[in-house]
Amino acid sequence: MSNARLLATILGFAFVVIAAVALTVRYTPIPSHPVLYLVVASPYLIAAGPLAVALLAWGHRWVFAVVAAVVSAALVAPQVPWFVRADPLADHVALRAMTINMLYGRADPVAIVRAADEQADVVMVQEFTQEAADGLAAAGIRQIFPYEFLDARPEATGIGLYSRHPITQQERIGRHALPMVSARIRVDGVARDTTLLSVHLAAPWPQPIDDWKKDLADFPATLADVADHADGGAILVGGDFNATTDMQPFRDLLANGYRDAAEQAGAGFVRTYPANRRIPSFMGIDHVLTRDCTATSAHTLELPGTDHRAFVTTIQLRRD
């Protein structure tokens with residue numbers, strides 16, 4: 001074997017190991033920070049699979065090239081549905097939703113109100129302080145979104161939502177590391193009120209990972225409880241999940257009829273964090289989950305003063 005083919009074989013083996021690790025960590029419970037970092041990197045390691053195939057084939061290592069091809073296919077296959085749009089509803093009412101983490105309330109309220117006025121009917125906010133509430137009020141949010149359910153608190157613990165549509169019921173949910181708020185809204189043309197849930201799950205870093213693991217493990221029960229009390233109406237769950245779609249604990253939430261709006265809309269990889277830095281956003285940790293409704297579009301917006309991009313989606317509610 002020539003030196004070139006030997007080098008290709010060694011590199012091919014290295015790349016197939018990388019691809020195999022990227023595949024494995026997608027299906028682990030994420031017990032530690034090192035595994036967490038590998039999962040975050042896993043979508044960018046997909047390229048290692050095709051590179052391994054090419055190098056091993058060039059090195060005439062055909063059996064290992066086939067193994068690398070199988071690993072590559074296993075890595076790519078779960079990503080394909082995120083680029084396939086769900087069938088739209090034939091008769092529907094559109095509802096536009098935006099979620100934004102305000103970074104300890106420091107996000108520019110004027111920019112948020114302007115973006116929300118142009119692109120949203122409901123707005124879910126996290127890291128919502130009293131200063132943020134006052135800033136949004138001064139920027140005129142109540143003239144556009146006259147209905148609100150707010151729980152302003154210091155630092156990262158506040159939460160809230162604003163709506164153009166009347167709020168008929170509201171509830172605080174306090175069983176997680178951070179508070180959440182839920183509200184039902186009445187949308188003209190829709191028989192059953194739509195449930196909104198603004199959420200902020202615990203972060204896995206830089207603090208110990210245990211609270212994050214517990215929050216994600218407990219959240220399916222909260223989603224089930226919300227579904228049980230929705231009286232057949234649509235549900236939107238929006239906020240900072242501090243988890244990407246490549247993490248098995250996040251994908252465990254996509255059960256009992258819940259879908260990820262970006263996946264449902266076929267929007268592909270929607271990255272929201274970090275924002276307003278020199279590097280581009282490389283993690284999608286802000287999401288909207290849907291139930292008994294259909295997302296048809298999803299995109300992000302960069303807003304001044306926060307380290308998250310806003311996530312915006314258009315939802316089709318079934319017309320009565």
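This is a predicted model: local features need pLDDT of at least 70, side-chain atom pairs count only at pLDDT 80 or more; totals for chains, interfaces and linings use all residues.

Q: Is histidine 60 buried, partly exposed or exposed?

A: Relative accessibility decides the class: buried means under 20%, exposed means over 50%, and partly exposed is in between. Histidine 60 has 46% relative accessibility, so it counts as partly exposed.

Q: Which class does asparagine 242 belong to, and where is its place?

A: The place of asparagine 242 is in the loop between strand E8 (235-240) and helix H9 (248-251). Asparagine 242 counts as buried because its relative accessibility is 12%. Asparagine 242 also has a positive phi, of about 50°, although it is not a glycine.

Q: Why does alanine 138 count as exposed?

A: The cut-off for the exposed class is over 50%. Alanine 138 has 71% relative accessibility and therefore counts as exposed. This residue belongs to helix H6 (residues 130-138). The C-alpha atoms of alanine 138 and valine 110 are separated by 8.6 Å, the two residues being 28 apart along the chain.

Q: How should I read the length of helix H1?

A: One compares the span of a helix with the span expected at 1.5 Å a residue. Helix H1 (residues 3-25) has 23 residues and reaches 33 Å from its first C-alpha to its last, close to the expected 33 Å.

Q: Which residues of H1 are buried, and what covers them?

A: The buried residues of H1 are Ala8, Thr9, Gly12, Val16, Ala19, Ala22, Leu23 and Val25. Their cover includes helix H2 (33-41), helix H3 (48-58) and helix H4 (62-76).

Q: Which peptide bond that ends at proline 206 is cis, and what is its omega?

A: The angle to consult is omega. The bond from tryptophan 205 to proline 206 is cis, with omega near 5°. Proline 206 lies in the loop between strand E7 (194-200) and helix H8 (210-228). A cis peptide bond also joins tyrosine 273 and proline 274, with omega about -10°. Proline 274 is found in the loop between helix H10 (261-264) and strand E10 (286-291).

Q: What does the radius of gyration tell us about the whole protein?

A: It is compared with the value for a compact globule. With 320 residues, such a globule would have a radius of gyration near 20 Å; the protein has 22 Å, which agrees. Of these 320 residues, 54% count as buried.

Technical notes: Residues are numbered from 1 along each chain as its sequence is written. Side-chain values use heavy atoms; hydrogens and water are left out. The radius of gyration is taken over C-alpha atoms; the globule rule is 2.2 Å times the number of residues to the power 0.38. Buried means under 20% relative accessible area, exposed over 50%, partly exposed in between (1.4 Å probe, protein chains only). Helices (H or I, at least four residues) and strands (E, at least two) are DSSP runs, numbered from the N terminus. The expected span of a helix is 1.5 Å times one less than its number of residues. Contact means heavy atoms within 4.5 Å.
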